[in-house]
Amino acid sequence: MGSLFRSEEMTLCQLFLQTEASYACVSELGELGIFQFKDLNQNVNAFQKKFVNEVRRCEEMERKLRYIEKEIKKDELKIPDFGENPKAPAPKEMVDLEAQFEKNESELREVNTNAEALKRNFLELTELREVLKKTQTFFSVVNLPNIVGEAQHALVIEESGPAQAVQLGFIAGVIPREKVPPFERMLWFACRGNVFLRYEEIQQPLEDPHTGEAKHKAVFMIFFQGEQLKARVKKICEGFRAALYPCPESTQERQEMLRGVTTRLEDLKMVLNQTEDHRRRVLVGAQKEIRNWIIKVEKIKAIYHTLNMFSFDISHNSLIAEGWCPVQSLEEVRRVLKEGEKLSGSTIPSILHPLKTKEVPPTFFKTSRFTQGFQNIVDAYGVATYQEVNPMPYTIITFPFLFSVMFGDAGHGTLMFLFGLWMVIKEKSLLSQKSNNEIWNTFFGGRYIIMLMGLFSIYTGMIYNDAFSKSFNIFGSAWHSTYTDGDLQGDGETATLVLDPGPFYRNGTPYPFGIDPIWQSAKNKITFLNSFKMKMAVILGISQMVFGVCLSIFNHLHFKMIVCLFCEFLPELIFLLALFGYLIFMVYYKWLVFDVTESGCAPALLIQYINMFMFKYEDASEKTDCDVQATFYENQQTIQTIFVIMAVLSVPVLLLVKPFYLRSLHNAKTHPPKVEKDTSKSVNGKSKPVGEDVKVSYGHALINHGEDEEEFEFSEIFIEQAIHTIEFCLGCISHTASYLRLWALSLAHAQLSEVLWTMVLHIGLSMDMQYLGGLIIFVVWMFWANLTIAVLLVMEGLSAFLHTLRLHWVEFQSKFYSGNGYLFQPFGFKHILDIDSLQEIK
Amino acid sequence: METGLVIGIVTAFWFFVGAVLPIILQFFLWRSPNKGIYQIMLILTAVCCYIFWLTAYLCQLNPLFGPQLSVDMIRFMQQEWWNDQSV
C-alpha cells in the first residue's frame with residue numbers, strides 16, 4: 001500500500017556524464033521519464049548557454065516542419081498517426097534531417113510561387129475573356145459601334161465639327177461585385193452624371209491567386225466624353241482597384257482577341273494542372289514522414305534544453321547534472337545510463353551519486369489511470385507536502401459517496417453511471433481521437449469519478465426511495481390503514497387524514513431497505529425527510545471529521561512528533577467526540593428509545609444541546625407531565641457536565657502545551673551546548689531527523705535559510721498554535737453546520753425532480769384523449785427528457801460535485817493536511833509529446 | 001420479518017464486504033501493488049453504505065408522527081396495497 005498512502009521517497013542525485021555520452025544518456029533518460037533535472041544554469045543568459053546553437057538549429061527545423069505541415073493541411077491531406085514513437089536521432093543524423101527539411105521546404109516554396117504567378121496570369125486572361133464576351137452585349141444595346149466609328153471619322157475629318165457629334169470613349173474592366181454600388185455612386189458624384197456605366201455580373205466566382213478564395217466579380221464598361229473625364233474615370237477605377245482591360249471597338253477584332261485568349265487559357269490550364277500535381281507529389285511524399293520528423297525534432301530540442309541545464313566541467317570533459325529521482329528507481333536509472341553509454345560508444349562510465357540535502361524534495365505519486373483522476377482533485381487544492389498522508393485513497397470512495405448523498409436519485413444515478421461506463425469502456429478509442437474541446441476533456445478525465453458517482457447515487461437513490469421522483473414499493477409498506485368508508489369523507493383530493501403511528505404502523509419491521517414508499521404520496525413528506533436528512537448530514541459530517549483527525553496520527557508518527565500526538569491529536573479528538581460525538585449519540589438514543597406513545601415527551605434535541613452548554617437542567621422526575629426540555633435518561637446531568645468540562649479543558653491543552661514544550665526543549669539545548677549539529681530540517685527520507693528542530697518545522701511555514709542553528713521564534717510558534725487552536729475549535733462548529741449542505745442539496749434535487757414530474761410529464765400522462773394523447777405525450781416526453789438532462793443531470797451534477805469538492809478540501813482536509821509540496825515533474829518525452837499533441841490544431 | 005433479522009442480515013452483508021473481503025484480499029493479492037487501494041475501497045464502501053442504511057432504518061423504527069394523505073390516496077392504498085375492498 002505504501003506507494004499511494006504517502007508520497008514516494010525521493011533523493012537528490014548528481015550525475016557525471018562524459019560529453020560524448022551525454023546526449024545518448026539524456027535521450028535514454030527521457031524515454032524512461034523518471035528523473036527531474038535541476039537547472040544549474042539559471043543565472044546564465046539564454047544566449048550564452050553551451051548548446052544554444054543546437055537549439056537554434058532545432059527551432060529552424062521546427063519552423064520548416066510547421067510550414068510543410070501547414071501546406072499539407074491546406075490541401076486537406078490527413079496526417080496519419082501510426083502510433084509509433086521514434087527515438088531521438090543521434091547528433092550526426094541531425095545534419096541529414098536538416099538537409100532534407102531544407103530541400104522539402106524550398107521545393108514547396110518554389111512550387112507555391114510558381115503556382116501563384118500562373119494563377120495570376122490565368123485570372124487576368126479569364127477576366128479579359130469575360131470582358132470581351134460581355135462587351136458584345138453592351139455595344140449592341142447602346143448601338144454604339146457604328147456611331148462611335150462614324151463619330152470618330154467625322155471628328156478626324158472635321159476638327160471643329162458640330163457639337164452634336166457624340167465623342168464617346170470607353171473603358172472596360174472587372175471589379176468585385178460588392179464594390180459596384182459605391183463605384184457607381186462615386187462615378188456619379190465625381191463626373192456629375194456625365195458618364196454612363198454598364199455592368200454585368202460574372203456567373204462563376206474567380207479564384208484569387210494569393211489567398212485562394214473565390215470572389216464574385218462583375219464586368220463593367222464606362223462611356224465618357226473628353227479627356228478630362230477619361231482621366232477622372234481612370235483615377236476612380238484605380239481607387240477601387242478595378243482591373244482595366246483594353247477592349248477593341250470593332251466586333252471582328254474582339255472575336256479574334258477572344259479566340260487568342262481562349263487558346264492561351266487552355267495552355268495555361270494545362271501548365272497549372274501540372275504544377276498542382278507536382279505540389280501534390282511533394283506533399284504526399286512528406287505526408288508519410290512528417291509526424292516522425294516532428295517527434296524527432298521535438299525530442300532533439302528537449303534533449304538540448306536539458307543539456308543546457310548541466311554544468312560543464314572542463315577539467316574532466318564531463319557534464320554534471322543534478323536532479324531528483326525516486327529512491328526505488330535508482331537502479332533503473334543506472335541501467336538506462338549504461339545503455340546510453342553503449343549507444344554512444346563511450347568507454348568511461350557515467351556516475352550516479354546520491355546526495356544529502358536540506359531541500360524539500362518534490363512530491364511524487366505512482367498513480368494508475370484510475371487513481372490519477374482522484375489525485376488531480378486532491379492536488380488541485382494543494383500538492384501534498386513531502387511524505388505527508390495522502391487523502392486520495394479515501395477520496396476514491398468518500399467523494400462519490402458524499403456526492404451521491406446530495407444527488408440521491410436512482411434514475412439519474414443510472415443515467416450518470418451509464419455515461420461514465422461508456423466513457424470507461426470506450427477509453428482507448430476516445431483517447432486516440434485527441435479532441436481539443438476543453439469541456440469534453442474535463443469530463444473524460446473524470447470518467448472513473450463519474451462512473452463511481454453514478455453507482456453510489458443508485459444506492460442512495462434506493463435508500464431515499466427516489467427514482468425520477470417516484471418510489472419503489474418492493475417489500476410492502478410498513479404502514480397500513482383501517483379507516484372505514486365513513487371516515488373517508490370529504491373531497492377526495494383536498495381532504496386529508498393522518499395515519500397515526502400507534503394504530504397504523506407496522507406489525508413487523510420498518511421498511512427494510514430505505515425510506516417507506518408511503519412517504520412519497522404524503523403531504524407532510526418534507527417534514528419527515530428533513531428531520532431524517534439533517535441528522536444524516538450531521539452524522540456523516542462528524543464521522544468524516546473524526547476520520548480526518550485520526551489520519552493526523554500517521555503524520556505525527558511519521559515525522560516523529562510525539563509531542564503533537566499528545567498535545568494536538570488527543571485534545572482535538574476529545575473536543576470533537578465529547579461535544580459532537582455526544583450529539584450523534586443523542587440522535588440515535590432518541591430514535592431508539594422514544595416512540596409515539598411518549599411523543600409528547602420526546603426530548604427536543606436542539607434545546608437539550610443548548611442547555612448542556614448553559615448548564616441548565618430540569619429534572620424530569622420532579623415534573624408531573626412530560627417536558628421536552630427535561631432530562632431524559634439517568635445521570636444525564638453528570639455525564640453532560642463531564643463532557644463539557646473535558647471539551648473546555650482540551651482547548652488550553654491544545655493551545656499551550658506544544659509551544660511551551662518546544663521552548664523548554666530549545667532552552668535545554670542551547671544552554672548546555674550540544675556537540676551534534678542539527679543537520680536536516682527538511683524531511684528528506686534518507687536522513688533520520690536528528691534534532692528536535694524537525695518537529696518545529698513540521699506543520700509550520702518556517703523557512704529554512706540553510707543555517708545549522710535554526711531560529712526559534714517563540715512568539716511565532718505561539719501565534720501559529722493559537723491560530724491552529726481557534727481554527728480547529730471554531731471550525732468544528734462551523735464545519736458541522738457546513739455539512740448540512742448534504743441535506744440542502746438533496747432536498748433541492750428531490751424538489752426539482754418532483755416539479756419536473758408534476759408540471760411536465762404528469763400533464764402529458766394524464767391527458768384524456770385517445771390518439772392525440774399519444775402524440776402529446778411524445779412531445780411532452782421530449783421536454784421532460786431535455787430538462788432532466790440539462791437541469792437535473794448537468795446543472796445539479798456540477799453543483800453537487802462542487803459542494804462535495806468543498807467539503808473535502810475544507811472540512812475534511814483541514815483536519816490533517818497541509819498541502820505545501822510541489823509536484824514531481826520528470827523529464828520525459830511522454831509528458832512533452834502528450835502536451836504538444838493536445839495543442840495541435842485540427 | 002423481524003427487526004432483528006433485517007438488521008442482522010444487512011449487518012452481516014456489510015461486515016463481509018468491509019472486514020472479511022479485505023482479509024481475503026490480503027492473502028490472495030498479497031503481491032499486487034494495488035492491494036491496499038482495493039482494501040481501503042472495500043472498507044470505506046462498507047462503512048459509508050452501512051451507516052447510511054442504518055440511519056435510514058433507525059429513523060423509521062419509532063416514528064413520532066405519520067404520513068398525512070389525501071382521502072383519495074388512502075382509499076386507493078387500502079384497496080391496492082392492503083387488499084381492503086370495503087372502502
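Is E98(A) buried or exposed? Select E98(A) and look. E98(A) is buried, with a relative accessible area of 17%. Keep in mind that this is a predicted model.

**Stop 1: a salt bridge from E98(A)**

R57(A) and E98(A) form a salt bridge, and their closest N and O atoms are 3.0 Å apart. The pair links distant parts of the chain. R57(A) is in helix α3 (residues 52-74) of chain A, while E98(A) is in helix α4 (residues 91-142) of chain A. They are 41 residues apart. Check the cover on R57(A) too: at 29% relative accessibility, R57(A) counts as partly exposed.

Why can such side chains pair? Side chains of opposite charge can pair when their charged atoms come close.

**Stop 2**

How many salt bridges does the structure hold over all chains? There are 32. Visit two more of them.

Select K301(A) and E62(A). They form a salt bridge, with the closest N and O atoms 3.0 Å apart. K301(A) lies in helix α8 (residues 251-308) of chain A and E62(A) lies in helix α3 of chain A, so the pair ties together parts that are 239 residues apart in sequence. Both K301(A) and E62(A) are buried.

Next, pick D75(A) and R279(A). Their side chains meet in a salt bridge, at 2.8 Å from N to O. D75(A) lies in the loop between α3 and α4 of chain A, and R279(A) lies in helix α8 of chain A, so this pair ties together parts 204 residues apart in sequence. D75(A) is buried, with a relative accessible area of 19%. R279(A) counts as buried as well, at 7% relative accessibility.

Finish this stop with a group. Select E60(A), R63(A), K64(A), E102(A), E105(A) and R109(A). Salt bridges that share partners join them into one network.

**Stop 3: aromatic rings**

Switch to rings. A search of the whole structure finds 55 aromatic pairs over all chains. Start with F419(A) and W422(A). Their ring centres are 6.3 Å apart and their planes are at 25°, so the pair is stacked. Both residues lie in helix α12 (residues 410-425) of chain A. They are 3 residues apart, about one turn of the helix. F419(A) counts as partly exposed, at 33% relative accessibility. W422(A) is partly exposed too, with a relative accessible area of 39%.

Move on to F812(A) and F816(A). Here the ring centres are 5.2 Å apart and the planes are at 65°, so the pair is edge-to-face. Both F812(A) and F816(A) are buried.

Which residues form one aromatic cluster with F35(A)? Select F37(A), F310(A), F827(A) and F829(A) to see the cluster they form with F35(A).

**Stop 4: charges over rings**

Turn to K50(A) and F312(A). K50(A) lies over the face of F312(A), at 4.5 Å from the ring centre. Then find R447(A) and F444(A). The charged end of R447(A) sits over the ring of F444(A), 4.3 Å from the centre of that ring.

**Stop 5: a nonpolar patch**

Show the surface of chain A. Select I763(A), M767(A), M769(A), L772(A), L775(A), F778(A), V779(A), M782(A) and F783(A). Together they form a nonpolar patch on the surface, with about 860 Å² of accessible area. Which helix gives the most to the patch? Helix α24 (residues 772-812) of chain A does, with 6 residues. L775(A) lies in this helix α24. L775(A) is exposed, with a relative accessible area of 53%.

**Stop 6: spans named by UniProt**

The unreviewed UniProt entry gives the annotation "transmembrane region" to several spans, including residues 401-425, 446-464 and 771-795 of chain A. Select residues 401-425 of chain A. This span is 92% helix and 0% strand, and its end C-alpha atoms are 22 Å apart. Residues 446-464 of chain A are 95% helix and 0% strand, with end C-alpha atoms 26 Å apart.

Now go to chain B. UniProt, in an unreviewed entry, places the feature "transmembrane region" at residues 6-30 and 37-58 of chain B. Residues 6-30 of chain B are 92% helix and 0% strand, with the end C-alpha atoms 35 Å apart. Residues 37-58 of chain B are 100% helix and 0% strand, and their end C-alpha atoms are 31 Å apart.

Methods. Residues are numbered from 1 along each chain as its sequence is written. Chains are lettered from A and ligands numbered from 1 in the order in which they are written. This is a predicted model: local features need pLDDT of at least 70, side-chain atom pairs count only at pLDDT 80 or more; totals for chains, interfaces and linings use all residues. Side-chain values use heavy atoms; hydrogens and water are left out. Rings of Phe, Tyr and Trp (its six-membered ring) pair if their centres lie within 6.5 Å; planes under 30 degrees apart count as stacked, over 60 as edge-to-face and the rest as tilted. Helices (H or I, at least four residues) and strands (E, at least two) are DSSP runs, numbered from the N terminus. Buried means under 20% relative accessible area, exposed over 50%, partly exposed in between (1.4 Å probe, protein chains only). A charge sits over a ring if NZ of Lys or CZ of Arg is within 6 Å of the ring centre and within 35 degrees of the ring normal. Patches are made of residues with over 30% relative accessible area and no salt bridge: like charges are joined within 9 Å, nonpolar side chains (Val, Leu, Ile, Met, Phe, Trp, Tyr) within 5 Å. Accessible areas come from the Shrake-Rupley method with a 1.4 Å probe; for residues, only the protein chains shown count as cover. A salt bridge is a side-chain nitrogen of Lys or Arg within 4 Å of a carboxyl oxygen of Asp or Glu. UniProt positions are given in the numbering used here, feature names are shortened, and annotations may be inferred rather than shown by experiment.
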